[in-house]
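Hi there,

Here is the structure I promised to pass on. Have a look at it first, and then read my notes below.

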Amino acid sequence: MSLFNIFGRRNEASSAYNPVSEDEDKLLDEPTLATRLELEKLQQANANLKRVLGIFASFFLAFLALVAFKSWEIQEDSLLFPRILKSPVPPMPMNVQTFERNSLYASRPSPESDAAWNALLPEGRGFVYVPESEQYSLPPGEKVFYGEIYSVSLFHQLHCLGQLRKYYWLLVDGVKSNSTSLKPMVEGLLGPSGEHVSHCFDYLRQTLQCAGDMALEWPRKEEDGSRFAVDGWNIPHECRSWDHIVDYMKDNYFNLSMNSEIAPDHPMHKDGMAQL
């Protein structure tokens, strides 16, 4: 076959091709109005989806940051003060608390001062529910309708201090008025039933030794500029966060307590108190 025949046939095939018209080309290049509207809807939906995903991602990252911070806070406290005993109570964050004089707590019993002392006790008077106590190697607690309850030491300690406060003022008033109505109460305190109060001295002693507050206290400045008396006020201390303690108690408190007083009356001296 000659080259002429080959190229000639190719040229014939080429000349048989009909090019696309300009109108048909425009139809292929330009979308219809319906198509454009559909594209705009898809673009808008895509943009809305991106906004929603962005907001969700922001909240999720903020949540992760909060969890990480809380975990770090607890871990840091655990590293500084490692737990030796198993406990359902989480480590409490530490903060700096400056001791300042509050005369309300030092004043004699009154509706105002009693209310301040009673407010130190959370609902449940310091008792909390502990489910599955055996996993913490705890002896059995007190069994109530909803489970076992245990006393949190801090609030037992405050109860003891509240008891000592009450008896202190009762004795002061009795001696001051030369009253004999306190004799049954005094005899009760000196007898076996007085253990409820007298144990507080040794219990609080061990409490203070256990806490081991090693804050350094300096003497106050007197009017003449001298310094010799240490009263403990305006001294910073490293303390467990009271707010976190209150939050834990709110989440776990014994909700069947019928008494909200820090130092409720005891049957052995009820009559003597009524005569004052």
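Let me start with Glu222, which sits in the loop between α8 and β5 (235–240); helices (H or I, at least four residues) and strands (E, at least two) are DSSP runs, numbered from the N terminus. This is a predicted model, in which local features need pLDDT of at least 70 and side-chain atom pairs count only at pLDDT 80 or more, while totals for chains, interfaces and linings use all residues. Residues are numbered from 1 along each chain as its sequence is written, and side-chain values use heavy atoms, with hydrogens and water left out.

The side chains of Glu222 and Arg220 are joined by a polar contact of 2.9 Å (a pair of N or O atoms within 3.5 Å; within protein, one must be able to donate a hydrogen and the other to accept it, and residues adjacent in sequence count only if both atoms are side-chain atoms). Apart from neighbours within four places in sequence, Glu222 is in contact with Phe228 and Ala229 (contact means heavy atoms within 4.5 Å).

Now for the aromatic rings: the structure has six aromatic pairs (rings of Phe, Tyr and Trp, the last by its six-membered ring, with centres within 6.5 Å; planes under 30 degrees apart count as stacked, over 60 as edge-to-face and the rest as tilted). In one of them, Tyr105 and Trp117 have ring centres 5.7 Å apart and planes at 75°, so the pair is edge-to-face. Tyr105 belongs to helix α4 (residues 103–106) and Trp117 to helix α5 (residues 111–118), so the pair ties together parts that are twelve residues apart in sequence.

Best wishes
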